[in-house]
Every structure is written in structure tokens, then in C-alpha cells.
Amino acid sequence: LADREGWYLMRISPYRTEDSVIQGVVITFIDVTELERSRAQAAQFAAIVKSTSDAVFTKTPEGVITSWNGGAERIYGWSPAEAIGQKVTILTPPELQHQPWEVIERVRRREVIVGLETTRVRKDGTRIDVSLTCSPILDAHDQLALVSVIGRDISERKGVERELRRANGALRYSNEELQHLTYAASHDLQEPLRMTANYAQLLAKTTLDGRSREFVEQMVAGTRRLDDLLRALK
């Protein structure tokens, strides 16, 4: 025992002779190291579950809630006294009543469900977006005893995503409208521009002094540049 550190249960029993005379004591040691480690791990896990802001609860294969932490109360609004013993469907909107049973069947097949994004209902009736992680808890016979559920409120993130989708949709609509507008403007302006260019070219062929001809040539060059810009808008 001196070479091995751990937890031991020491039992001291008297050693008696046949006539019940105590001759000494018998000392036995039982190694309970693994048991104590399991207890310590369980205590650590319980502390984590108690302090986390996520909803952590368990339910039976029949869908009955058996445990409920503070995070679950904060997210869903039900106190432990109100939630424990209830069917888990109290958290599910009418159109998703089938979902908890589908989750249980998947977990029954030893599947661990990670990041299932769905909708749940609070005690006050408001809907929230949640991400669920569900895993099996097995009994000594390797049968499903409980389903562990960890839920995270992702309503804020999903709201931002919806706003981004709306903004992107509005931006696409504005771009399409702008394209239609620029095409129409380009098409409508090209006809009077061609007429201006034609008259400018006709005027350039008439008898003009040097200064006037320079002005006309600049006007023709300008109309050509403007025509190029309008064509680029299409």
C-alpha cells in the first residue's frame, strides 16, 4: 500500500478465540479510489451543469423531464418544480410536436445529435431559436435510461441572420431597379444625342471660320464620348 496512492476504506475487527477472548485485531483495506474519483467527477460535472448558462436537462425515453438546471429555467421560463415530471412537448410548438419523439428514436439508436437548430416555446408562449445537443445515457444493461439534452439560445444570432437576408434581398432589388433605370436612361438619351451629333456634323461641313469650326469639332467629340458612356451603362 505504501507504493500506491489512493483512497482506501479501512475496517478494524477484533480477532477472538473460540472462547471469545480478544487476541488482537484484523485490519482490512478496501480500495475505493475509482469510486472516489467517480464521485469527484460527478461533483465537478454537477457544478458545471449548475453554473452553465445553457439549458441542461434529462428526459426519459417516454419524454418525461427528470432533471432541469438553472440555465433551462432562464431560457425556457419554467422552474425545476414546474418542469420536472412534465412531458418535454411543453417546450415544442404545435407544428413540431413530432420532433422530440424523432430525437428520442435517433438517440435510442446510440446516435449523438449535435447542433440541431430548431424552435422552442417558452413558458410565456414566446418562441425562441435554439441549438440542441442530445445524447444517450445508458443503464447497467446497456439500455437507454435517459436522454441528455443541452440547449443554447441562438435567437439573437438567427435574428441577425434574418436581418442580413432581408438586407441582401433589398440590396438585390435595388440593384435590379438601378440596372433597369440605367438601361432606360441610356436608351432614352441615345436618340437625342445622335440627333445632336448629326446636326453638329452637318454644321461642321458648312462654311465656318476657324474659331467656330473648333467649337463644332469639340461638340462632336463630346457627343461621341457621351455616347460611349451611355453604351457602357447597358
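The largest nonpolar core of this predicted model has 23 residues, and those with the most contacts inside it are Phe57, Trp68, Tyr76 and Cys134. A nonpolar core here is a set of buried Ala, Val, Leu, Ile, Met, Phe, Trp, Tyr and Cys residues joined through side-chain atoms within 4.5 Å, where buried means under 20% relative accessible area (1.4 Å probe, protein chains only). Two or more residues each are given to this core by strand 3 (55–59), strand 4 (65–68), helix 2 (70–76), helix 4 (99–108), strand 5, strand 6 and strand 7. Helices (H or I, at least four residues) and strands (E, at least two) are DSSP runs, numbered from the N terminus. The largest share, four residues, comes from strand 6.

Tyrosine 76 deserves a look of its own. Leaving aside residues up to four places away in sequence, its partners include Phe57, Trp68, Leu91, Val121, Ile128 and Leu132, with contact meaning heavy atoms within 4.5 Å.

Strand 6 (residues 127–138) also has two pairing partners, taken in turn here. With strand 5 (residues 113–121), strand 6 pairs in the antiparallel sense over seven bridges; pairing requires at least two bridges found by DSSP. Valine 121 has arginine 127 of strand 6 as its bridge partner. Five residues lie between the strands of this hairpin, where glycine 125 takes a positive phi near 95°. With strand 7 (residues 144–153), strand 6 forms nine bridges, again antiparallel, and serine 131 stands opposite arginine 152. In that hairpin, which has five residues between the strands, aspartate 142 takes a positive phi near 65°.

Residues are numbered from 1 along each chain as its sequence is written, and side-chain values use heavy atoms, leaving out hydrogens and water. Local features need pLDDT of at least 70 and side-chain atom pairs count only at pLDDT 80 or more, while totals for chains, interfaces and linings use all residues.

Technical notes: Buried means under 20% relative accessible area, exposed over 50%, partly exposed in between (1.4 Å probe, protein chains only).
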